Amino acid sequence: MSEASESSARQLATDARDRVRFEEEALDLSDQVYGVARRLVGSREEAEDLVQETYARAFRSWRSFEPGTNLRAWLFRILTNLNIDRGRKVQRTPDLQPLEESDYFLYNKLEESATDGTPDERRVVERLSQNDAVTALADLPHQFRDVVLLVDLADFTYSDAAQILDIPIGTVMSRLHRGRRMLKGSLAASATEDS
Amino acid sequence: MMSGFAFDPCDKCEQMMQPYLDRYLTDVEIKEAEEHLDGCEYCRKRYRFEVEFRTFVRNAVAEPMSPALKAKLRALRTPL
C-alpha cells in the first residue's frame with residue numbers, strides 16, 4: 001500500500017470509530033429525547049415519528065457536531081427544530097387572562113380545600129391527578145410548553161434552553177415562569193373541581 | 001406576612017423562588033434566600049411544595065419509549 005493510501009485508510013478507520021461512538025452516545029440519550037418528544041406532540045405515533053426523524057437527521061449530519069460540545073443540547077435542538085418544521089397543530093391563542101397573583105396560589109388553594117387540617121406538602125401534591133397534569137401540559141401554548149419541557153423534564157439550564165430554542169435567556173425565564181404558573185393554574189382548577 | 005410594606009421579605013422570597021430552584025442565583029442571593037427560609041415557615045412550606053410539585057409533574061407526564069422504537073433507532077445507525 002502506498003503511503004498516501006495507507007494514511008487515507010487510517011483516516012477512514014478513525015472516522016468510522018468516531019462515528020460509531022457518536023451514534024452510540026446519541027442513542028444513549030434516546031429515552032430523554034422520546035420523553036420530551038412525547039409531550040411536544042399529541043400522540044405516541046407522532047412522537048415516535050418525530051424521534052425517528054430526529055435520529056435520522058442527527059446521524060446524517062453527525063459531522064456538524066463538534067466533539068466535546070453538548071451532544072444532548074445538539075440533539076434537542078434538532079428535535080425542537082423538526083417539531084417546528086412539521087407545523088404545529090393549531091394552537092389556541094395564549095391565555096391572556098391575568099395570572100394569579102402569587103406563585104404560591106396552587107399550594108394555598110390545595111391547603112385551603114384540605115378537609116383534614118393542615119396537610120404536609122407531599123400529601124397536598126398527592127391530591128393532584130396524573131391525567132390532569134398531562135392535559136394541563138398539553139394545553140399550554142407551545143412557546144411556554146417548549147421551555148417547561150426543556151427545563152423541568154429534560155433538566156436543561158436556562159442557557160442551554162436559550163440556545164436550543166434560539167431565544168434570549170430572559171425570554172426563557174419569563175416563559176418558564178408564565179408556563180409554570182399556567183400549569184399550576186389549570187391544575188388548581190381541576191383539583192378543586194374534583195374535590 | 002407584612003404585605004403593604006415597601007419591602008416584604010416573603011415577596012422577595014417568592015420572586016427568588018424560580019431562580020433558586022433552578023440554581024440560577026449568585027452565592028450571595030442563595031445565602032439571602034436561605035436565611036429567609038430558615039426563619040420563615042410560610043415560605044419554607046411553599047418552597048417544599050414547589051419541589052414536590054415539579055417531581056410530581058415530571059413523573060406524571062413520563063412515558064417510556066417502546067422497545068420497538070428503540071430497535072428502529074438502532075437500525076438507523078450507519079452500517080459498518
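What covers the buried residues of α3(A)? The cover includes α1, α2 and α4 (71–85) of chain A, together with α4 (67–75) of chain B. The model is a predicted one, in which local features need pLDDT of at least 70, side-chain atom pairs count only at pLDDT 80 or more, and totals for chains, interfaces and linings use all residues. Residues are numbered from 1 along each chain as its sequence is written, while chains are lettered from A and ligands numbered from 1 in the order in which they are written.

Helices here are DSSP runs of H or I with at least four residues, strands are runs of E with at least two, and both are numbered from the N terminus. With 17 residues, α3(A) reaches 24 Å from its first C-alpha to its last, close to the expected 24 Å; the expected span is 1.5 Å times one less than the number of residues. A residue is called buried if 20 or more other C-beta atoms, placed from the backbone, lie within 10 Å of its own, exposed if 12 or fewer do, and partly exposed in between. By this count the buried residues of α3(A) are A:Ala47, A:Glu48, A:Leu50, A:Val51, A:Thr54, A:Tyr55 and A:Ala58. Seen down the helix axis, these buried residues fall within an arc of 165 degrees, so they line one face of α3(A); the arc is that of the directions from the helix axis to the C-beta atoms. A:Glu45 and A:Arg60, on the other side of α3(A), are exposed.

In α5(A), the buried residues include A:Leu106, A:Tyr107 and A:Leu110. Viewed down the axis of α5(A), its buried residues fall within an arc of 100 degrees, so they line one face of the helix. A:Glu111 also lies in α5 (residues 105–112) of chain A and is partly exposed, with 17 other C-beta atoms within 10 Å. The C-alpha atoms of A:Glu111 and A:Arg123 are separated by 9.8 Å, the two residues being 12 apart along the chain.

Turning to the interface, 36 residues of chain A are in contact with 29 residues of chain B, contact being C-beta atoms, placed from the backbone, within 7 Å. The elements giving two or more residues to the chain A side include α1 (3–28), α3 (44–60) and α10 (169–194). By class, that side has 20 nonpolar, 6 polar and 10 charged residues; Ala, Val, Leu, Ile, Met, Phe, Trp, Tyr, Cys and Pro count as nonpolar, Asp, Glu, Lys and Arg as charged, and the others, Gly among them, as polar.

Chain B has 4 helices and 0 strands. Its radius of gyration, taken over C-alpha atoms, is 21 Å, well over the 12 Å that the globule rule gives for 80 residues, so chain B is more spread out than a compact globule; the rule is 2.2 Å times the number of residues to the power 0.38. The C-alpha trace of chain B spans about 65 × 25 × 20 Å along its principal axes, and 16% of its 80 residues count as buried.

Methods
Two residues are in contact if their C-beta atoms, placed from the backbone, lie within 7 Å.
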